[in-house]
Amino acid sequence: MATIAVPPSVPSPAEDAEQLQKAFAGWGTNEDLIISILAHRNAAQRKVIRQTYAETYGEDLLKALDKELSSDFERSVLLWTLDPAERDAFLSNEATKRLTSSNWVLMEIACTRSSMELFMVRQAYHARYKKSLEEDIAYHTTGDFHKLLVPLASTFRYEGPEVNMTLARSEAKILHEKIHKKAYNHDELIRIVTTRSKAQLNATLNYYNNEFGNAINKDLKADPNDEFLKLLRSAIKCLTYPEKYFEKVLRLAINKLGTDEWALTRVVTTRAEVDMQRIKEQYHKRNSVPLDRAIANDTSGDYKKMLLTLVGHEDA
């Protein structure tokens, strides 16, 4: 009678916690062991490992990692180990701080997460910072950026596939009229972009393209140097074609004179469990180079190993 080979099971959270503790013990840290455990566990597993580690060793795993690691490798491991909602709350808070402020990060999180995910980010923000994400964005942004970002972060969009074609036609006309008049910050334009479901928005923008002969983002390029228009175009891209947006962030991060490690780390750690396969396909199509090779050529050491493992290149 043939025996069926049982695939090796993932170690228990207690075993993982024990191995991590061993990685920190003695002279020097065993970075390879940390990567071999954390980079191969999903969000639910990492959460249990953190809880188990705290119960067993009386210390938050993140604090232990923070003490043992440094620089870009540390940031990649810490961001990856965080629960996704906590991670987004941390990144959002960082994006409202003067020295690390970024309207782009706030927009990216607000537009590429599902309604429930964004709701959980706001809850995590309350729990960690004892105030709301919306009030921090409102306080730290001004003018048109404030007008766009506060409702983007506050919304709870409908997630279903249903589309109202009559509404799509009428709102495409409103968008075209406001853009034609260069009223880019008009309340109606902001309302449509910040409240409509992604399916409804796609239908509206398809109608816009067919009826007026241009994609909306082409019409929003009237002034290529206008920072608000850049953010508005990126918000629309995030809402309708996120992998195209993330491909561009990665391309700019890698192709810069000197890598933008923060952008590279953020995209890899936040998308590895979401749509990394589509981003990789988009990257290869756009750059004729596989993403893992581009990352390997632009990074080094443990940081390189961590990122390559997360993007699914196991021979790091």
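D298 counts as partly exposed, at 29% relative accessibility, in a model that is predicted. This residue lies in helix α19, which covers residues 291-298, and an unreviewed UniProt entry places the feature "binding site" there.

**D298 and its contacts**

- Which residues does D298 touch, not counting those up to four places away in sequence? They are A253, I254 and T259.
- D298 is partly exposed because its relative accessibility of 29% falls between the 20% limit for buried and the 50% limit for exposed residues.

**Other positions annotated in UniProt**

- The annotation "binding site", again from an unreviewed UniProt entry, covers F24, G26, G28, E68, I254, K256, G258, A296 and T299.
- These positions are spread over 276 residues of sequence, and they are also spread in space, with up to 38.6 Å between C-alpha atoms.
- From this set, K256 belongs to the lining of the largest pocket.
- G26 is found in the loop between α1 and α2, the latter being residues 31-38.
- With a relative accessible area of 67%, G26 is exposed.
- T299 is found in the loop between α19 and α20, where α20 comprises residues 301-310.
- Is T299 buried or exposed? Its relative accessibility is 12%, so T299 counts as buried, the limit being under 20%.
- The side chain of T299 reaches the backbone oxygen of I295 at 2.6 Å.
- Not counting residues up to four places away in sequence, T299 touches L264, K304 and L307.

**The largest pocket**

- The volume of the largest pocket is about 900 Å³.
- This pocket is lined by 33 residues, of which W104, S234, Y245, V249 and L252 are the closest to its centre.
- Which helix gives the most to the lining of the largest pocket? The answer is α16, with 8 residues.
- At least two lining residues each come from α6 (84-95), α7 (103-112), α14 (216-219), α15 (227-240), α16 (242-255), α17 (261-271) and α18 (276-287).
- By class, the lining of the largest pocket holds 12 nonpolar, 6 polar and 15 charged residues.

**The second largest pocket**

- About 420 Å³ is the volume of the second largest pocket.
- Its lining has 22 residues, and those closest to the centre are P84, D88, R113, E117 and V274.
- Two or more lining residues come from each of α6, α7, α8, α15 and α17.
- The largest share of this lining is supplied by α6, with 4 residues.
- The lining of the second largest pocket contains 9 nonpolar, 3 polar and 10 charged residues.

**The cavity**

- How many cavities of 30 Å³ or more are counted? The count comes to 1.
- About 40 Å³ of space lies in the largest cavity.
- The largest cavity is lined by A110, R113, S114, S115, L118, T155, R157, E159 and K198.
- Its lining divides into 2 nonpolar, 3 polar and 4 charged residues.

**E171**

- E171 lies in helix α11, which spans residues 165-180.
- E171 is buried, with a relative accessible area of 3%.
- The side chains of E171 and R196 are joined by a polar contact of 2.8 Å.
- Not counting residues up to four places away in sequence, E171 touches R191, I192, R196 and T204.

- S132 lies in the loop between α8 (115-129) and α9 (133-140).
- Because its relative accessible area of 16% is under the 20% limit, S132 is buried.
- Leaving aside neighbours within four places in sequence, S132 is in contact with Y125 and H126.
- E15 is found in helix α1, residues 13-24.
- At 43% relative accessibility, E15 counts as partly exposed.
- E15 and Y53 are 38 residues apart in sequence, and their C-alpha atoms are 9.8 Å apart in space.

Terms used
Residues numbered from 1 in each chain as written. Predicted model: local features only at pLDDT ≥ 70, side-chain atom pairs only at ≥ 80, totals over all residues. Heavy atoms only, no water. Buried < 20%, exposed > 50% of the residue type's maximum accessible area, 1.4 Å probe, protein only. Polar contact = N/O pair within 3.5 Å; in protein donor to acceptor, adjacent residues only side chain to side chain. Contact = heavy atoms within 4.5 Å. UniProt positions renumbered as here; feature names shortened; annotations may be inferred. 1 Å grid on protein atoms, 1.4 Å probe; cavity = no way out; pocket = protein on both sides within 12 Å on 5 of 7 lines; lining within 4 Å. Points joined across faces, edges and corners; volume = space filled by probe spheres on them. Nonpolar A, V, L, I, M, F, W, Y, C, P; charged D, E, K, R; others polar.
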